[in-house]
Amino acid sequence: TPTTVFEDSTASTTATVTATLNTASGLGVTVNFAKSGNAIAADYSLGDLIVIAAGQTANSITMTVIGDLLNEGNETVTLDITTVVNGAELGTQTKTVTITDDDAQPTVTLSVGSSSVGETGETTTVTATLSAPSGLPVTVNLATSGTAGGSDFTLVGPITVAAGATTTSIVLTGSGDALDEDGTATGNNTA
């Protein structure tokens, strides 16, 4: 069995989970195991037990990795024997399978609701839009430049797009002062 399985967005991939006895038994042996790790049920399919027939020394079941289109990072499935019927566990038997994610990180585009905001507390939205949903939250750090100074507006960032979402907005607010001035602020993003 591979300890790393590549997630394919267009097809399912598999790993084989095998239970092996040190000697054949005259009785059928059932190996029950628990599953843990950060992979969820939507990421893979795998039963909870392996049955080894009387007279045999091993049997296997298949773990099917279910591909998706979400950038979610690598995930793990840890198998831990909980009980053995008609046999005994030799020490602690734990195996971890890593599902290697194959999906690219989404790209980010910024947009502004209105390109002009008055100094009297007028507002506009700054929106981050992802090219595709991500399985992870995406944080967009903002930097500003232009002739408008930090006292001319308020912009509270960064923008965080929640896992599974594609857009999130924050508000830019113009700040009043007694100076006669025109200014521009330009936003740049890094994700």
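The legends below describe views of a predicted protein model.

**View 1. Overall fold and extent of the predicted model.** The protein contains 15 strands and zero helices, where helices (H or I, at least four residues) and strands (E, at least two) are DSSP runs numbered from the N terminus. Its radius of gyration, taken over C-alpha atoms, is 27 Å, well over the 16 Å given for 191 residues by the globule rule, so the protein is more spread out than a compact globule; that rule is 2.2 Å times the number of residues to the power 0.38. Along the principal axes, the C-alpha atoms fill a box of roughly 95 × 30 × 20 Å.

**View 2. Strand β2 and its pairing with strand β6.** In β2 (residues 13-20), T13, A15, V17 and A19 form the covered face, whereas T14, T16, T18 and T20 form the uncovered one. Eight antiparallel bridges join β2 to β6 (residues 58-65), pairing being assigned if DSSP finds at least two bridges between two strands. The bridge partner of T14 in β6 is T64.

View 3. V97 lies in strand β8 (residues 94-100) and counts as buried because its relative accessibility is 8%; buried means under 20% relative accessible area, exposed over 50%, and partly exposed in between (1.4 Å probe, protein chains only). V77, 20 residues away in sequence, lies 5.2 Å from V97, C-alpha to C-alpha.

**Conventions.** Residues are numbered from 1 along each chain as its sequence is written, and side-chain values use heavy atoms, with hydrogens and water left out. Local features need pLDDT of at least 70 and side-chain atom pairs count only at pLDDT 80 or more, while totals for chains, interfaces and linings use all residues.
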